[in-house]
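Here's a walk through some side-chain contacts, starting with the rings and moving on to the charges. Have the model open as you read.

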Amino acid sequence: MVPKSSLHQVLTSQKESLLMKERGLIREVLPDLPDLSAYALIISGIRRCGKSTLLYQMLKERYSDALYLNFEDPRLYEFERKDFLKLDEIIREAGSKVLLFDEIQIIPEWERYVRQKLDENFKVVITGSNASLLSRELGTKLTGRHITKELFPFSYREFNSFHQLVPSPDSLHQYLQTGGFPEYVKQKTDEILNHVFDDILIRDIAVRYGIRDIKTLQRLALYLISDVGKFFTANRLKSLFEIGSTNTITEYLSHLEDSYLFYFVPKFSYSLRKQMINPRKVYAVDTGMISANSSSYADDNGRMLENLVYLHLRRKTKDINYYSEKGECDFVTFNKGHIQEVIQVCYDLNQDNLDRELNGIFEALQFFNVKEGKIITFQQKDQFEQEDWKVEVIPCHEFLQ
């Protein structure tokens, strides 16, 4: 339980701290965020990707009289469901009709309170860093009353804007190594991303879900971030980490995905059952996170580039598969069941890999009856045709624009 006076003090100090912050780079997503009434706007994304700064930008650009509250403040550790009544009193006294709530999902029954405020004609904006908690509670108590937007670390365009760089192989190389976590982009200190990695594993997963075997969770996460772009199955991971139950591995993977740390891409199949049992490919949320935390000492530029292309595609759609039959194609994207893009990634096309890369993408184009595909490289440009099908080779710095 938190006294009303303490809650008022936290609200005041948090807003003062927020207003003292630098505005930061205006995020690309900001103009696209809807100005909602009767609907909660949910901004979800990995820890430290800039959600609080985005709220501040909304405060400055749109809602100067908004009431802001970050529920991860240590002074609110004792906040209980009954304390929402005290918060109501403070909101009435403030006279604000816009509520900005950071990480409210850590409070029990938060969704009932948000529903209440929507019914009272408040505008409500919420941030959260756990997809499962948000989706489960939103799906039961706020069905039809919310719109969710995802926030990622800086895109390549945002990275270039921040450093005043032009699209080029040089700036792409910098972005591949640095990634887009705002604080890391500013300070370039690996410990920042080490701490984010550990915080997610300990605070967002182990503590929240009561996981006792933290060491195995950490080993699994380290293995995955060192193996981006590669295939895995739950059974193989179970044997590798000597865990008795496949269900345990499946739960760990689900938590890692819900925290936005990793993405798992299935093989394309018209059968959902086959999608579930076939190997998946793993990608991380950020290439800088890979560089700072990977145990692999060999630079694998090809897999880093593939991870980067995946993240660019993931910003546009969640519906991404890899194709694998006789040949393999890295990405096939869909929108509402309709195929959008067929994409292969190869850092450097050469005589050793050209036939393999072309065979894979041409096979995928024919399978899906799509006339044009793309091979994304570090800096090469070319074009190949095979009967009615065409493949354009594009430098990654151009593709990301």
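What follows covers aromatic pairs first, then salt bridges.

This is a predicted model, so local features need pLDDT of at least 70 and side-chain atom pairs count only at pLDDT 80 or more, while totals for chains, interfaces and linings use all residues. Residues are numbered from 1 along each chain as its sequence is written, and side-chain values use heavy atoms, with hydrogens and water left out.

Let's take the rings. Phe, Tyr and Trp (its six-membered ring) pair if their centres lie within 6.5 Å; planes under 30 degrees apart are stacked, over 60 edge-to-face, and the rest tilted. That rule gives 27 aromatic pairs. In one of them, Y310 and F331 have ring centres 6.0 Å apart and planes at 40 degrees, so the pair is tilted. Y310 comes from helix α15 and F331 from strand β10, 21 residues apart (helices are DSSP runs of H or I, at least four residues; strands of E, at least two; both numbered from the N terminus). Elsewhere, F268, Y270, Y323, F334, F367 and F368 make up one aromatic cluster.

Now the charges. A salt bridge here is a side-chain nitrogen of Lys or Arg within 4 Å of a carboxyl oxygen of Asp or Glu, and the whole structure has 30 of them. E72 and R47 form one, with their closest N and O atoms 3.4 Å apart. Both sit in loops, E72 between β2 and α3 and R47 between β1 and α2, so the bridge ties together parts 25 residues apart in sequence. K374 also bridges to E341, at 3.6 Å; K374 is in strand β12 and E341 in strand β11, so parts 33 residues apart are tied together.
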